[in-house]
Amino acid sequence: MRKDSSGRGANVRQRAGSLTPARRLAGLAAVAVALLFLGLPTVARADMEASEEAPVLVEQAIALIANDTGPARVAERIDDTLKAPRKEGVDLALVGRALAVVERPGHHKAALGEARALLVKDVALLALALAAVAFGLWLSVRLRPPHSIRELERRSAEKEGRGR
């Protein structure tokens, strides 16, 4: 006995290849919120406990500079960066130069601005990596096949059943 083509199976086949506008909008909203939350913790955690990852410490030092907390706290966070056990993704030479600039006597505002410019060069690599991940996720959704594996298996099973 065969299923009627106007039944539930036909409806599934029509919707399998495309997302409804509501689902697409919900997916985009979820991605936007996730990216927003990825960007916020840096500023919010700038005054909290030190991390063990150097890129996070560099971002916290930039946040401290942006919040104008003073050269002593910025120098402490940069020093924590140099002592961090996980230094992947950070150019230690730039971090060392930034520390020397912050500890230099004289104009603190100009020194902090120069140190921030040096530290931002490290964060640019992290931002590019996050952008690459986001682009890869977008491509995986955009270029996925129109039919699910379950649907293809079901079609194969139906063909084998008819041929007997």
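Start by selecting E52, which is partly exposed at 45% relative accessibility; here buried means under 20% relative accessible area, exposed over 50%, and partly exposed in between, with a 1.4 Å probe and protein chains only. Before going further, some ground rules: this is a predicted model, where local features need pLDDT of at least 70, side-chain atom pairs count only at pLDDT 80 or more, and totals for chains, interfaces and linings use all residues. Residues are numbered from 1 along each chain as its sequence is written, and side-chain values use heavy atoms, with hydrogens and water left out.

**Stop 1: around E52**

A salt bridge here is a side-chain nitrogen of Lys or Arg within 4 Å of a carboxyl oxygen of Asp or Glu. E52 sits in the loop between helix 3 (41–44) and helix 4, and R86 in the loop between helix 5 (71–83) and helix 6 (92–103), so the pair ties together parts that are 34 residues apart in sequence. Helices are DSSP runs (H or I, at least four residues), numbered from the N terminus. R86 is partly exposed, with a relative accessible area of 38%.

**Stop 2**

How many salt bridges does the count come to? By this rule, seven. Select R77 and D80 for one of them, at 3.9 Å from N to O. Both residues lie in helix 5, three residues apart, or about one turn of the helix. Is R77 buried or exposed? R77 counts as buried, at 8% relative accessibility, while D80 is partly exposed at 23%.

Next, pick R104 and E114, a salt bridge whose closest N and O atoms are 3.1 Å apart. This pair links distant parts of the chain, ten residues apart: R104 is in the loop between helix 6 and helix 7, and E114 is in helix 7. R104 is partly exposed at 40% relative accessibility, and E114 is partly exposed too, with a relative accessible area of 37%.

**Stop 3: helix 4 against helix 7**

Show helix 4 (residues 54–66) together with helix 7: their axes come within 9 Å and cross at roughly 145 degrees. Those axes are lines fitted to C-alpha atoms over the stretch in contact, with angles running from 0 to 180 degrees between N-to-C directions. To see the contact (heavy atoms within 4.5 Å), select P55, V58, E59, A61, I62 and I65 of helix 4, then L112, A115, R116, L119, V120, D122, V123 and L126 of helix 7.

**Stop 4: an aromatic pair**

Stay on helix 7 (residues 108–142) and select F135 and W138, which are three residues apart and so separated by about one helical turn. A search of the whole structure finds one aromatic pair. F135 and W138 form that pair, stacked at 5.9 Å centre to centre with 25 degrees between the planes. For the cut-offs, rings of Phe, Tyr and Trp (its six-membered ring) pair if their centres lie within 6.5 Å; planes under 30 degrees apart count as stacked, over 60 as edge-to-face and the rest as tilted. W138 is partly exposed, with a relative accessible area of 48%.

**Last stop: D68**

Finish in the loop between helix 4 and helix 5, where you'll find D68. What is phi of D68 near? Phi is near 55 degrees, a positive value in a residue other than glycine. Most residues other than glycine have a negative phi. D68 counts as partly exposed, at 45% relative accessibility.

Conventions. Helix = DSSP H or I, 4+ residues; strand = E, 2+ residues; numbered from the N terminus.
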